[in-house]
Amino acid sequence: MKNKNHDIFANISIFDYFLIGLVTLIAQYITTILRSAFAKIIVSPLWLNKLCLYTALFLLPLILTAPFIRRAAHNHYVSSDDRWCILKCCMRYVLPAEAVRFVLCILPLQYVFTKTQWYISLIPTNFGMAFAPFVNAVLKDTYGVITNRQHEISNYYPYEVVLIGEDFLFYTVIHVTYLVFYLLVQYLYYRYEWNREAKSYRIWHDEMMKTKQEWENY
């Protein structure tokens, strides 16, 4: 039974953080693997082709993580008078994983390990290549084209690449902007499933009270 609970985060466990973090990275990496397949889909004109590519890169990770968001919303539900309860629980749940993902993308491990002669990075995280393919695609098509630095920001083997402050700055701006919309979609779905659980709880609660009253009258 889920009564009013002043600690609205009580139902969020360490396992929840670990699972959503792992699932998020896997979903993004799967999208990265499929990125070349999406890019081969020929749609005219060019702007529509890019729009289709960006849409696929944005939506696929959300679709892959949706079952876990649904499960979490149902498990996290508590009856609370706090009007911001759902938003607080959702952000508390997903933000740690997104912080880890951002660090992996803003600190290009392939570049760091190569420059330090500690070459153990098998996955090129450079500026979202592995774990933020949507951001990397936008970065290449905007900042990369304008500054002619597409090679530097998406290089699998950056032995001679020199990264500059603007690379990190523009990546951060694009990633944070993308994250606002990405988290908004996740929150809306989380809220939808939370409200479904709340409705189920109210039905269950009403049935319990009705049964209790019938027993008392009997």
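Author: A helix here is a DSSP run of at least four residues, numbered from the N terminus, and helix H3 in this predicted model covers residues 85-106. Within helix H3, Glu98 and Arg101 lie about one helical turn from each other because they are three residues apart, and they form a salt bridge whose closest N and O atoms are 2.7 Å apart. Glu98 counts as buried at 2% relative accessibility, and Arg101 is buried as well, with a relative accessible area of 0%.

Another salt bridge joins Asp167 to Arg149, with 2.8 Å between the closest N and O atoms. That pair connects distant parts of the chain, 18 residues apart, since Asp167 belongs to helix H7 whereas Arg149 lies in the loop between helix H5 (133-147) and helix H6 (150-153). Asp167 counts as buried at 0% relative accessibility, and Arg149 counts as buried at 12%.

Glu193 and Arg70 also form a salt bridge, their closest N and O atoms being 3.8 Å apart. These two residues are 123 residues apart and link distant parts of the chain, with Glu193 in helix H7 (residues 165-217) and Arg70 in helix H2 (residues 46-76). Here Glu193 is buried, with a relative accessible area of 2%, while Arg70, at 37% relative accessibility, counts as partly exposed. Arg196 joins Arg70 and Glu193 in a network of salt bridges. The pairs described here are among the seven salt bridges that a search of the whole structure finds.

Conventions
Residues are numbered from 1 along each chain as its sequence is written. This is a predicted model: local features need pLDDT of at least 70, side-chain atom pairs count only at pLDDT 80 or more; totals for chains, interfaces and linings use all residues. Side-chain values use heavy atoms; hydrogens and water are left out. A salt bridge is a side-chain nitrogen of Lys or Arg within 4 Å of a carboxyl oxygen of Asp or Glu. Buried means under 20% relative accessible area, exposed over 50%, partly exposed in between (1.4 Å probe, protein chains only).
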